[in-house]
Structures are given as C-alpha cells and as structure tokens.
Amino acid sequence: MLIVWGSKGFEKNLGDTIIQHECGNCNNHVTMQGKELGRKFTLFWIPIFTMSSSHYLLCPVCGAGKELSKRMLATYMVNSED
Ligand SMILES: [Zn+2]
C-alpha cells in the first residue's frame, strides 16, 4: 500500500494584540498584529499536525516585526484562546 505524505506551509492571522505603538519602520501609530507561520505534516493531503511554527508580532501597515515565542505572543493577544 502506498502511503502519501508530505508537508504544507500555512499562514494564520491571529488578530489584534494589546500593543499599540509608533512603528519604528513606517512611523505610523498602529495596533500590532499577531501572526503564525508554519508547516503541517500531511497524510494523503490532509493536514495532521503542525511540524513547526513561528509566531510574530507585526506592523499591519508595513509588515515589519519580530519573532516571539508562542507563549509570549499569547500574553499580548486581545482574544487569547488559552
Ligand atoms: Zn510599520
């Protein structure tokens, strides 16, 4: 039996954070956004689990930002799921 597996990249917008500041890159006063970028393991093209992911705090205007740990970003989210 042939088992088809692979991986698929994904991008998820997590919404607003509680951080509002003047972006050092574009100088707009913005509400920073949370974003998750990662890769899922797929089996017969169905995503099974997340293999790796990175969490970012991003400026919604210019996209400048920085990587944070998942736990750190969660403490900044307006609608935290945890
Ligand atoms: Zn910006």
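1. Start with one pair of residues. Y56 has E67 in β4 as its bridge partner. Strands here are DSSP runs of E with at least two residues, helices are runs of H or I with at least four, and both are numbered from the N terminus. Two strands count as paired if DSSP finds at least two bridges between them.

2. A word on the model. The model is predicted, so local features need pLDDT of at least 70 and side-chain atom pairs count only at pLDDT 80 or more, while totals for chains, interfaces and linings use all residues. Residues are numbered from 1 along each chain as its sequence is written.

3. The protein has 1 helix and 4 strands. Along the sequence they follow the pattern β-β-β-β-α.

4. Now the sheet. The 4 strands make an open sheet, in the order β1-β2-β3-β4, with antiparallel pairing. β1 (5–22) and β4 (65–68) are at the edges and have a single partner strand each, so one side of each is left without a neighbour in the sheet. From one strand to the next, the twist averages 30°. Axes for such angles are lines fitted to C-alpha atoms (for helices, over the stretch in contact), and the angles run from 0 to 180 degrees between N-to-C directions. Strands of a sheet pair through backbone hydrogen bonds, either parallel or antiparallel.

5. Take β1 and β2 next. These strands run antiparallel and are joined by 14 bridges. Within the pair, E11 stands opposite L37 in β2. The hairpin of β1 and β2 has 6 residues between the strands. N27 lies in that loop between β1 and β2. N27 is not a glycine, yet its phi is positive, at about 65°. N27 counts as exposed because it has 10 C-beta neighbours inside 10 Å. The cut-offs: a residue is buried if 20 or more other C-beta atoms lie within 10 Å of its own, exposed if 12 or fewer, and partly exposed in between, with C-beta atoms placed from the backbone.

6. Strand β2 (residues 29–43) pairs with strand β3 (residues 46–58) in the antiparallel sense over 11 bridges. Opposite K40 stands T50 in β3. L43 has I46 in β3 as its bridge partner. The hairpin of β2 and β3 has 2 residues between the strands, and F44 takes a positive phi near 50°. W45 sits in the loop between β2 and β3. W45 also has a positive phi, about 65°, although it is not a glycine. With 9 C-beta neighbours inside 10 Å, W45 counts as exposed.

7. M51 deserves a look. M51 is in strand β3. Is M51 exposed or partly exposed? M51 is partly exposed, with 13 other C-beta atoms within 10 Å. Setting aside neighbours within four places in sequence, M51 contacts S7, R39, K40 and F41. Contact means that the C-beta atoms of two residues, placed from the backbone, lie within 7 Å. M51 and F41 are 10 residues apart along the chain, and their C-alpha atoms are separated by 5.9 Å.

8. The last pair is β3 with β4. Here 4 bridges join the strands, which run antiparallel. L58 stands opposite G65 in β4. The hairpin has 6 residues between β3 and β4, and G63 in the turn has a positive phi of about 85°.

9. C62 belongs to this loop between β3 and β4. What is C62 in contact with, leaving aside its neighbours within four places in sequence? The answer is C23, N25 and C26. C62 counts as partly exposed, with 14 C-beta neighbours inside 10 Å. M1 is 61 residues from C62 along the chain, and the C-alpha atoms of the two are separated by 48 Å.

10. Finally, the whole chain. The C-alpha trace spans about 55 × 25 × 15 Å along its principal axes. The radius of gyration is 16 Å, whereas a compact globule of 82 residues would have one near 12 Å. That radius is taken over C-alpha atoms, and the globule rule is 2.2 Å times the number of residues to the power 0.38. Of the 82 residues, 10% count as buried. Among contacts with a separation of 6 or more, 47% come from residues 24 or more positions apart.
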